[in-house]
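Here's a quick tour for anyone meeting this structure for the first time. Have a look around, then come back for the notes below.

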Amino acid sequence: MGIKGLQGFVARVCPDACRTVDLREIAEKHRIDHPDVPPVIVVDAMSCVRYWYTPESWVCGGQWREYLANLEDFIKAFMAAGIKLVFYFDGVVEEKKRDEWIKRRLQNSKEIARIFHFIKTQRKQPGRGMFVVPSALPTFTRFALKSLGQKTVCTLQEADFEVAVYGLQHNCIGILGQDSDYLIYNTCPYFSIEKLHLDRLVTVMYSREDLCHALGLSLTHLPLFACLLGNDVVPESLLEGFWQKCLATSPHKNNSYNRRTNILLAVANYISKVPCTYSSLKDLEEILPLGSDKTLLYKGVESYLLPGQQSPWIPPNIANCQMFSLQQQTAVCQDKEVFQLAKEQHIQSENYTIFNILSNGEIDCSNSLEDECDGEIPGQALIYRPARQHIYSVLLEPGKGGAYPLVKEWFVYFGNPLQQPELIQPVQPSIPGGTPNLKTLWFAKGPDVKQQRYSTFLACFHLQDRMEELQALEAPVAAFCCLLAYLMMQVSSLSLEDLNAFVALILCLKGKSAAQLAGLQLAQVDSRAVHLGAVFVRGLTTLLMANSACGFPFRMDDLMPWEVFDGKLFQEKYQQSHRGCSLEELLENNESLYTPFQNLKSLICKVCMAKKRTIQSRPRGNGFITGTQQREFHPRFQQTHRSSFVPPYHNQMRGFLWRNPQPRGKK
C-alpha cells in the first residue's frame, strides 16, 4: 500500500529521480540486447484500475462496454510497440494488512455517504474530485483482461511483492503502477501509470538510484528507510517519538517544506550515519516503542527482500521465506486434488474467491456504492448472504457430527463496524438427494454431471425448480434472470417498476455498442437507481462465486457486466419505468422486444409467486429520494442459519400486472 508521502516527495524534492521516458525506445533497446526475449512490462493492475476507468459516468453502476473498449485500446497501444504485458491482481488481504484494509474501508464509507448526499441534493453525478471506482471494478477487470487474451495472475499474497519478484526474475523492462513500494524493492525499473501518455507511450520512470543520491543513502538502506517512515508492517503511530528525535538533529530542516517532507529528510539523514549491520537494527528496535513485538523492524526490512537477495541489516544465514507457502495440512480443504485445482484456477484468474475459502475459510468484500440512508434496501452483503451460505456448503465438507466449518466474512455494509470477521454458517441448498461433492462437480464427465452442475448452481439462488425454463434462454440472459429473480425474492421493497426497468435493460442493451452507450445522456441521476445498480453488479460477483464452486455450468464470460448491465442505460430505464412511460417508450419502440419482455417478466413473477412473494406497483415518479437521515441498523438481515427461504420485508398486496395499457395486438 506504499509509504505515505514518498511519491509526492520524490516529485517535489528529488526531480532528478523522475525521468521522462519513451517506452518504445526502452523496448527497442531491450530487443537489441536480448533478441530472443520480447520486452515485458509487469502491471500492478490494482493500482491502475482507477486510471483505466475513463468513462464519464461512474456512479450509475459502471459503463462496462466503454470500459472494456478502453482496456482493449490500452493493450493495443503496447502491442503496436511490441511490448508484452503481464497483469497482477491482489488475490488476498494478508493478516498483517487487515487493520489498514479496515481503516480504508471505513474511510471509503464516509466518502460514499458524501457522494449520495450530493446526488440527492444536486440530482447529478459529482465531479471527478469525488470519484470512486464502480463496485467490483477490480474483479471484473481481471476477467476482462483475460478475455482479451492477456496473461493475468491473481496472487497468493499481497500483489506488490509478487510483481517485484516477477519483474526481477523475468528481466522485465519495468513495472507499471502507482505504489511507492516499487521505489523500495530492488527490482526492475518503476514506471508511472498516472503519468502515462498512452498515445505516445511516454511516462515517468522513478529512479531508485537518483532517490538514494538525493538522500545520501545506498540501495541497501531503502527497506529500513521505508520501515522507519511507517509502512504496512511498522505502524506510523509507533514512530512519532523517533521522528521528533530525527527532526531535532537534522541539518536539512526547511520551513518551506511540509512536516512530512522534513521527516523524510531527517530520517534519511539519521540512517545515513548508522552502520549497515544487524546489530544496528537491533539497537533501533530497542530505541523504538515496538511493544510486544520487538522484531517488527526486522520483519519490515525482510518483507522487501526478494528471493535470493541479502541485506546487511539481516544475518546472512537466515533465508528469506517471503514466498507464499501455504501448507496443505493447514488448509480448510483436505482433498489434495480439489485444493490444487482451486489454487491453479485462482492463480490463472479462472475462478473467483473460492480458493480463499478452501485455503483459510475467509472471504472479504470492499465497499459498494450503497446509500446507508435507504432503510428499504439492505446492504448487498446481507442480500447475498443466503446464497453465499449455500455456496459455502457446496465447497466445504461437514466434520464429525455433521457440523460445517464456519466461514469468516469481512464484508462492508452499514451497521458492520468491521472489528472482527462475522462467522457464517454454511447452509445446504434444497437439492433432492443432497448436494453433490466437489469431486463430482469438478472432475466427473458426462451429460448427467452437466445437469448436476446447473441444478446445484440454481439451488444456491433457490431456483432449482426453474431449470428447464432458464436453460432455454441464452446463457447471459439466463444468468441475468437468476440474479434478478433472487433479488426480487430477497428484497420485498423492490417494485413492479424496478422489475420492468431491469427487464427492459437486458433487452435494450443487446446490440448497443460502447460508442452508443457513451453517447447516452441523462437529464438527472436518481440515487435509488445508483444504489440498485451497485447491488446488481455485486450480485454478478456472487454468480461468479457460485459458478466457480459448481464446476462452471456457465462460461465465466457469460456472467460479465458488459454482457448484461450498463449504468446509464439502467438509470434511463429506471426513471422511465417509475414515471409510468408506455411500454413502447421503455423498449425504444422496438416491437420485436415486446414478447420477450412479457416472457421474461412473467418468468420472474412466477418464481416469486411460487415463494409467496407478491410484486407490487410502487411508482416513484420523479419524486427523487432526498432524505439524508441515517437509517437504523436492522439485525434481521443477519439471520445466518436460515435453511429454508423466507423473503424479508414480505408484504401481501395486489398481484403483478403491467400497469400501462398494452400496445394493440400485443400481449
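Buried here means that a residue has under 20% relative accessible area. Keep in mind that this is a predicted model.

**Helix α1 and its buried side**
- Helix α1 covers residues 6-13, and its buried residues are Leu6, Gln7, Phe9, Val10 and Val13.
- Looking down the axis of α1, you'd find these buried residues within an arc of 165°, so they line one face of the helix.
- An α-helix has 3.6 residues a turn, so residues three or four places apart point the same way.
- What do the buried residues of α1 pack against? Their partners are the strands β1 (18-22), β6 (190-192) and β7 (202-206), along with the helices α8 (208-215), α9 (222-229) and α11 (259-272).

**Where α10 meets α11**
- Helix α10 (residues 240-249) packs against α11 at about 80°, and their axes are 8 Å apart.
- Angles from 65 to 115 degrees count as roughly perpendicular, so that's the label for α10 and α11.
- On the α10 side, the contact involves Glu240, Phe242, Trp243, Gln244, Lys245, Cys246, Leu247 and Thr249.
- On the α11 side, Arg259, Arg260, Asn262, Ile263, Ala266, Val267, Asn269 and Tyr270 take part.
- Sort the residues of this contact by type and you get eight nonpolar, four polar and four charged.

**Cysteines without a bond**
- A disulfide is a covalent bond between the sulfur atoms of two cysteines.
- How many disulfides does a search of the whole structure find? The search turns up zero.
- Cys48 is buried, at 0% relative accessibility, and its sulfur is 13 Å from the closest cysteine sulfur, in Cys188, which is too far for a bond.
- Cys188 is buried as well, at 7% relative accessibility.

**Two loop residues with positive phi**
- Ser349 isn't a glycine, yet it has a positive phi of about 60°.
- You'll find Ser349 in the loop between α14 (336-347) and α15 (354-360), and at 1% relative accessibility it's buried.
- His462 also has a positive phi of about 60° without being a glycine.
- His462 sits in the loop between α19 (447-459) and α20 (467-471).
- Is His462 buried or exposed? His462 is buried, with a relative accessible area of 12%.

Definitions and conventions
Residues are numbered from 1 along each chain as its sequence is written. This is a predicted model: local features need pLDDT of at least 70, side-chain atom pairs count only at pLDDT 80 or more; totals for chains, interfaces and linings use all residues. Side-chain values use heavy atoms; hydrogens and water are left out. Helices (H or I, at least four residues) and strands (E, at least two) are DSSP runs, numbered from the N terminus. Buried means under 20% relative accessible area, exposed over 50%, partly exposed in between (1.4 Å probe, protein chains only). A disulfide is a pair of cysteine sulfur atoms within 2.5 Å. The arc is that of the directions from the helix axis to the C-beta atoms. Contact means heavy atoms within 4.5 Å. Axes are lines fitted to C-alpha atoms, for helices over the stretch in contact, and angles run from 0 to 180 degrees between N-to-C directions. Angles under 35 degrees count as roughly parallel, over 145 as roughly antiparallel, 65 to 115 as roughly perpendicular and the rest as oblique. Ala, Val, Leu, Ile, Met, Phe, Trp, Tyr, Cys and Pro count as nonpolar, Asp, Glu, Lys and Arg as charged, and the others, Gly among them, as polar.
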